[in-house]
Amino acid sequence: METYTLIVLLLAATIRVATPLLLAALGGMFSERAGVIDLGLEGKMLGAAFASAAVAAVTGSAWAGLGAGILVSVALALLIGFAGITHRGNQVVAAMAVNIMVAGLGPSLALAWFGLGGQTPQLNAPSQRFLEITWPWAEQARATPAPGLLYAELLSGHSLLVYFAAALVPAAAWVLHGTRFGLRLRAVGENPAAVDTAGLSVNGLRYQAVLISGVLCGVAGTYLSTAASAGFVRDMTAGKGYLALAALIFGKWRPYPTLGACLLFAFTDALAARLQGVALPVVGVIPVQFILALPYVLTVLLLAGFVGKAVAPKAIGVPYAKED
Amino acid sequence: MKQLPAVFLPWLAALVALPALLPAARAKDFSPAIVYDFGGKFDRSFNQSASVGAERFKQDTGIAFREFEITNAAQREQVMTQLARRGATVIVAVGFTQASAVEDVARRFPDVAFTIIDGSVDLPNVQSVNFREQESSFLCGMLAALASKTGKVGFVGGMDIPLIRKFALGYRAGARYVRPDIEIFENMTGTTPAAWGDPTKGAELARSQFGRGADVIFHAAGATGLGVMQAAADEGKFSIGCDSNQNYLHSGSVLTSAVKRVDVAVYKAFLDAKNGAWHAGPRFLGLAEDGVDWALDEYNRKLVTPGMEQRVNQARADIISGKLPVPEYKTP
């Protein structure tokens with residue numbers, strides 16, 4: 001029974017850790033399927049994390065924070081788009097510039113506004129955060145072990161943003177593969193010239209894709225600072241944007257495999273947190289250093305051995321120039 | 001480069017002579033400086049405590065101090081060199097990670113006084129201040145065991161270093177002292193300095209320990225600990241703060257704090273240096289020297305019953321008198 005509880009708790013943690021990765025990875029999927037490399041996930045998330053925490057702290061409303069987070073993230077996405085789409089600059093360089101800028105700008109603004117050394121104030125009031133939602137009868141269900149605990153821990157007891165991320169996967173799959181917009185988006189990423197010939201605006205579609213990515217990264221950043229923790233601290237994304245990008249490639253730029261990749265990364269991370277100091281059968285207690293390296297080792301192994309060939313959208317990273 | 005063309009020689013000579021011509025560090029004005037570690041001076045924990053001490057010195061004496069927050073490892077040596085070159089009289093380096101930089105810079109500036117906190121550097125112009133964290137951790141371990149209903153308590157450390165193991169060891173000993181059969185979970189956040197500033201990970205580790213049944217968690221993890229305390233408050237469990245008195249952060253959920261008077265150490269280093277009473281060499285601050293303690297104030301008054309308070313204070317007295325030995329972590 002003990003083991004069962006542990007596994008359920010592990011899975012619940014996996015869901016929490018996977019949420020920001022998933023949101024960012026799905027955002028990146030739209031952008032990259034339209035042919036725009038989305039290395040700016042990290043910066044957009046971090047910017048949103050800062051903006052949402054700052055606005056939530058000042059206004060006392062998590063929803064206002066979410067709005068601000070999305071706004072900032074979209075603005076950054078447009079900035080990258082302006083350089084990489086309109087002016088046909090190098091998308092990687094533009095995105096990295098934004099990442100570096102945000103890493104410095106967030107703490108600097110926080111220092112100037114709040115005087116707390118690059119952090120925002122702690123969000124203590126419940127209205128300032130997206131707290132966990134407990135579903136009806138979750139506490140009672142906990143008493144009945146097998147299905148009850150699953151219900152109480154896995155379905156119930158997550159932030160609203162977690163449910164949003166979960167609902168987003170089928171929605172994204174439908175948009176990308178079931179709608180005309182999705183078809184055009186994918187076409188722009190594979191063969192922009194054909195889309196242009198058909199009389200559609202390549203850059204217009206790419207901007208729409210980048211906008212979607214901006215919105216989703218905004219939600220991801222808001223999740224980090226107002227749901228997973230309570231306030232912004234320096235570099236709080238801690239490489240999650242890059243990890244999301246890796247998950248996207250691992251998932252071959254498709255929604256469901258990307259979900260799987262995000263869950264796997266999150267699972268290894270949650271597992272690492274729990275394996276520390278636990279005596280395992282046969283091997284005994286594994287050194288902390290090894291446990292902490294586990295997610296990365298596993299990622300390398302999986303990417304090297306099991307994923308097969310990941311084929312990127314053909315026109316990715318190539319700015320489109322109309323032939324004169 | 002076999003032979004330098006003769007035309008360069010005067011330039012080379014000038015270049016060598018130039019530093020000597022510049023005004024040497026003016027030693028007559030007293031100019032204290034402090035270099036914070038990763039986590040920043042507003043981590044509400046270790047560095048903040050140091051900053052409080054420096055601010056108090058400024059308030060009491062009216063002497064301004066220079067300060068710097070490290071954001072990457074390469075800055076340490078540069079910053080200290082800069083401070084020493086610009087005439088700092090005493091430089092306080094906060095945190096064990098500064099030891100190698102202090103050693104290097106102190107060797108080059110033998111006239112500048114250096115105080116390192118949480119580290120030891122054996123040089124004639126370096127004062128090494130270390131705390132007996134195991135003693136306050138022991139008391140916190142006792143409180144945790146006394147407050148726990150499940151018989152399971154947790155510990156979340158920041159970076160996996162001997163200093164944090166020292167906290168863990170004292171905590172474990174204290175908890176076992178009260179309840180020999182108690183179960184203790186221990187997690188470290190990471191093995192790099194980034195482990196001091198990752199509240200999301202801290203919250204996740206805390207939740208994993210709560211999930212296994214713990215109901216009190218002690219953190220020694222700088223800003224990462226903020227996540228631990230947040231998770232405890234969210235789940236209606238107890239946390240124990242570290243370094244600064246963190247009882248006020250989540251009143252009613254923070255059982256106590258293992259206070260480490262870094263502020264006193266910084267204040268004293270500045271003041272002694274000003275009055276000429278500063279001495280190089282190692283200093284150890286424990287319960288007896290008021291260097292460490294457990295915190296009881298209006299924010300956690302309701303959580304600590306008179307019985308608990310009495311037992312902890314008894315142990316405190318016994319540790320000071322030497323009757324109750326606290327195990328010390330030895331680097332393997």
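1. In chain B of this predicted model, helix α3 (residues 75-85) and helix α4 (residues 99-108) have axes that come within 9 Å and cross at roughly 35°. The crossing of α3(B) past α4(B) is right-handed.

2. On the α3(B) side, this contact is formed by Arg76(B), Glu77(B), Met80(B), Thr81(B) and Ala84(B). Their counterparts on α4(B) are Ala101(B), Val102(B), Asp104(B) and Val105(B).

3. Attention may now turn to the two chains. Chain B places 24 residues in contact with 23 residues of chain A. On the chain B side, the elements that give two or more residues are strand β7 (183-190) and helices α7 (199-211) and α8 (224-235). Helix α7(B) provides the largest share of that side, with eight residues.

4. The largest nonpolar core holds 194 residues, and the members that touch the most others are Leu21(A) and Ile91(B). Within chain B, at least three residues of this core come from domain 1 (28-131 + 263-285), and at least three from domain 2 (133-259 + 302-321).

5. Which residues does Leu21(A) contact, leaving aside its neighbours within four places in sequence? They are Lys240(A), Leu243(A), Ala244(A), Ala247(A), Cys262(A), Phe265(A) and Ala266(A).

Methods:
Residues are numbered from 1 along each chain as its sequence is written. Chains are lettered from A and ligands numbered from 1 in the order in which they are written. This is a predicted model: local features need pLDDT of at least 70, side-chain atom pairs count only at pLDDT 80 or more; totals for chains, interfaces and linings use all residues. Axes are lines fitted to C-alpha atoms, for helices over the stretch in contact, and angles run from 0 to 180 degrees between N-to-C directions. Helices (H or I, at least four residues) and strands (E, at least two) are DSSP runs, numbered from the N terminus. A crossing is left-handed if the near helix is turned anticlockwise from the far one by less than a right angle, and right-handed if clockwise. Two residues are in contact if their C-beta atoms, placed from the backbone, lie within 7 Å. A nonpolar core is a set of buried Ala, Val, Leu, Ile, Met, Phe, Trp, Tyr and Cys residues joined through C-beta atoms within 7 Å. A residue is buried if 20 or more other C-beta atoms lie within 10 Å of its own, exposed if 12 or fewer, and partly exposed in between; C-beta atoms are placed from the backbone. Domain bounds come from an automatic or database domain assignment.
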